[in-house]
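The sequence and structure come first.

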Amino acid sequence: MQWFSLAHRNVVRNGRRSMLLGGTIAVGAAALLLFAAYIAASLDGLRESTIRGGLGHAQVGAVPPQDGYAEQQLQFALDASQTARIEAVLATTEGVRRSAPRLQFSGLVSNGPRTLNFQGTGVDPVRERQAFGAFQVLAAGASLQAGDAGRYQVMIGKEMARRLGVSPGQSVTLMTTTVQGSINAMDLEVAGVLATGVPELDLYTLQMPIGAAQELLRTQKISSIAVLYQETAGADALSAGLAQSLGPGIVLRRWQDLAPLYPQVRALFRNQFMVFGSIIGVIVFLGVAAMTLTTIYERSKEIGTLRAIGIPQAMVRRLFMFEGLLQGAFGAFAGCALAWLATLVLNSAGIELAPPPGRNVSVPLYLLWLPQPSLAIIAVLPLLAMAAAWMTSRRIGAMEVKATLSSN
Amino acid sequence: MTAIVEVQEVRKRYQRGDEQIAALDGISFRIGEPAVMAIAGPSGSGKSTLLGMLARFERPDSGCIRIAGAQLDALKEHELDNFRNRKLGFIFQNFNLVPTLTALENVELALATCCLSRRERRAAAAAALEMVAMEHRSEHTPAQLSGGQQQRVAIARALVNRPGLVIADEPTGNLDGKTAQQVLELVDGLHRQLGTTFIIATHDQRVMEMAGQVLRLEDGRVAP
């Protein structure tokens with residue numbers, strides 16, 4: 001006997017109920033998949049904006065100091081020979097797209113009446129723009145100019161500009177401690193105003209040409225070289241290979257190590273997905289169990305007939321299991337199709353979401369469709385539905401043939 | 001010689017509120033040779049209960065039933081399934097065909113536990129339908145068949161495993177006179193052709209006339 005065929009016909013025969021249950025499973029599956037697509041897009045966006053917003057896929061520097069003071073960091077910074085060696089390795093390594101030297105320092109920025117703290121970065125304007133310019137948002141003014149024309153220019157964060165009351169074309173004074181421990185100051189012209197999207201960063205961020213920064217700090221060293229790869233996939237392998245090639249005294253830090261927030265956000269999303277997935281799983285299980293139980297009572301005469309002609313209880317239960325499997329499969333496939341369509345519609349709708357906590361820029365709603373969650377749904381939900389039907393159909397064993405035949 | 005059916009002092013009581021109803025009260029009978037036996041009696045006399053005991057759909061409170069030498073009380077669950085499938089056929093008053101299956105598939109259903117290939121099962125089911133002159137309706141579902149045709153399919157299903165005993169509960173109860181007569185002729189022919197024993201619970205006088213033996217029940221007892 002084709003039990004699977006019989007199960008299929010029973011599912012079709014009870015079309016309205018099957019549609020209702022299949023629809024419930026489908027909506028649950030679609031909700032889960034859309035959630036997964038949203039998480040995937042969020043993680044993807046967070047990762048790429050973190051990397052391409054300035055962090056790079058990796059940063060190469062000297063062996064890190066034990067504490068975080070800038071002046072001490074600079075004692076352990078890269079000298080010219082180390083920098084040249086690193087640049088040579090990067091230039092010959094396949095998969096490396098761009099690199100940008102950086103000099104990190106901190107100090108005070110003043111327009112006269114007001115003074116603020118800053119976290120400054122000396123950059124090569126051309127290489128920095130080539131590597132990370134696409135993710136740099138200018139609120140006003142222009143980027144740093146290359147060469148002598150831009151040697152004493154500075155870009156400051158939007159919030160810093162607001163608090164200092166300066167705009168492009170005006171000047172500010174930077175004060176910092178040199179690597180020798182003395183105080184030095186420098187007047188710079190504000191070329192542009194940066195908007196990172198994070199108000200706190202906009203208050204402290206400051207960029208200036210690396211030559212001027214070295215002059216201010218009275219050093220020839222740089223803090224690190226940010227490296228951008230051709231693509232993020234395979235970045236870990238490329239980083240591992242690079243780390244080997246760089247030799248002693250040089251350390252390569254992967255972007256994940258430099259952005260500890262990312263794995264935390266990822267873990268948070270994963271936990272949310274597991275909780276939401278479990279809830280959907282329970283809904284599917286209970287839905288199928290309830291339907292199977294109802295069906296068992298409604299079809300008790302049919303069950304009695306099967307038992308009366310000598311069909312073992314296990315075979316009858318197998319029939320209900322197949323019916324559960326089909327319901328689950330229908331719901332899972334329908335849910336995948338529904339989620340895929342919804343992804344297309346939502347992505348093309350251009351919906352803007354409110355800025356996330358800590359940011360002041362709205363985020364476009366984007367869902368990243370990945371095949372893995374759909375495959376998992378298609379693999380798991382039918383089995384879950386089958387398990388629910390199997391559990392519930394134990395009831396058949398407690399039914400006397402006589403009682404089932406005389407029902408209805 | 002082993003009797004086909006041997007029933008000894010079978011009793012069954014049901015509780016209805018505070019009252020105990022004796023559905024069967026010491027029934028005994030024996031069928032030694034292949035026969036057609038009618039079990040007659042008014043409604044509530046215990047006919048259906050007795051058939052249920054013979055097919056082991058329910059247990060007697062006391063007494064013993066042996067069919068083809070097998071004591072039903074001693075059979076385990078899987079042995080009972082095997083017994084119902086191979087040694088016994090059952091025909092219901094309401095035919096009890098599975099509505100989603102065709103006539104052929106309904107008959108094939110009874111062969112589900114056999115060690116036959118799908119092709120062999122199909123062939124056996126087709127042969128059983130041919131035996132009841134229903135081969136031309138084999139691909140029709142019960143809803144597409146008349147009552148008499150459904151009962152013929154039910155008979156084919158009961159006979160497809162070639163059991164020694166077929167139990168029928170009012171098989172003509174839902175049929176018109178002409179169709180009922182055709183079904184009875186079919187049963188009689190199969191009994192003669194295959195040597196199958198039929199036990200038929202009935203109110204129908206024609207069944208009693210056809211049957212070689214008639215067991216009359218009254219208030220759960222064999223009437224004199």
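## Terms and conventions

Two strands pair if DSSP finds at least two bridges between them. Helices (H or I, at least four residues) and strands (E, at least two) are DSSP runs, numbered from the N terminus.

The model is predicted: local features need pLDDT of at least 70, side-chain atom pairs count only at pLDDT 80 or more, and totals for chains, interfaces and linings use all residues. Residues are numbered from 1 along each chain as its sequence is written, while chains are lettered from A and ligands numbered from 1 in the order in which they are written.

## Strand S8 of chain A

Strand S3 (residues 115-123) of chain A pairs with S8(A) in the parallel sense, over five bridges. Here A:Gly120 has A:Leu206 as its bridge partner. Strand S5 (residues 153-157) of chain A runs antiparallel to S8(A), joined by two bridges. A:Leu206 is also the bridge partner of A:Ile156.

S8(A) spans residues 205-209, and five of its five residues are buried (20 or more other C-beta atoms within 10 Å of the residue's own, with C-beta atoms placed from the backbone).

## Chain A overall

Chain A has 15 helices and 12 strands. Its radius of gyration (over C-alpha atoms) is 32 Å, well over the 22 Å that the globule rule (2.2 Å times the number of residues to the power 0.38) gives for 408 residues, so chain A is more spread out than a compact globule. Of these 408 residues, 40% count as buried.

## Contact with chain B

In chain B, 20 residues are in contact (C-beta atoms, placed from the backbone, within 7 Å) with 18 residues of chain A. H2(B) gives the most to that side of chain B, with five residues.

Definitions and conventions:
A residue is buried if 20 or more other C-beta atoms lie within 10 Å of its own, exposed if 12 or fewer, and partly exposed in between; C-beta atoms are placed from the backbone. Two residues are in contact if their C-beta atoms, placed from the backbone, lie within 7 Å.
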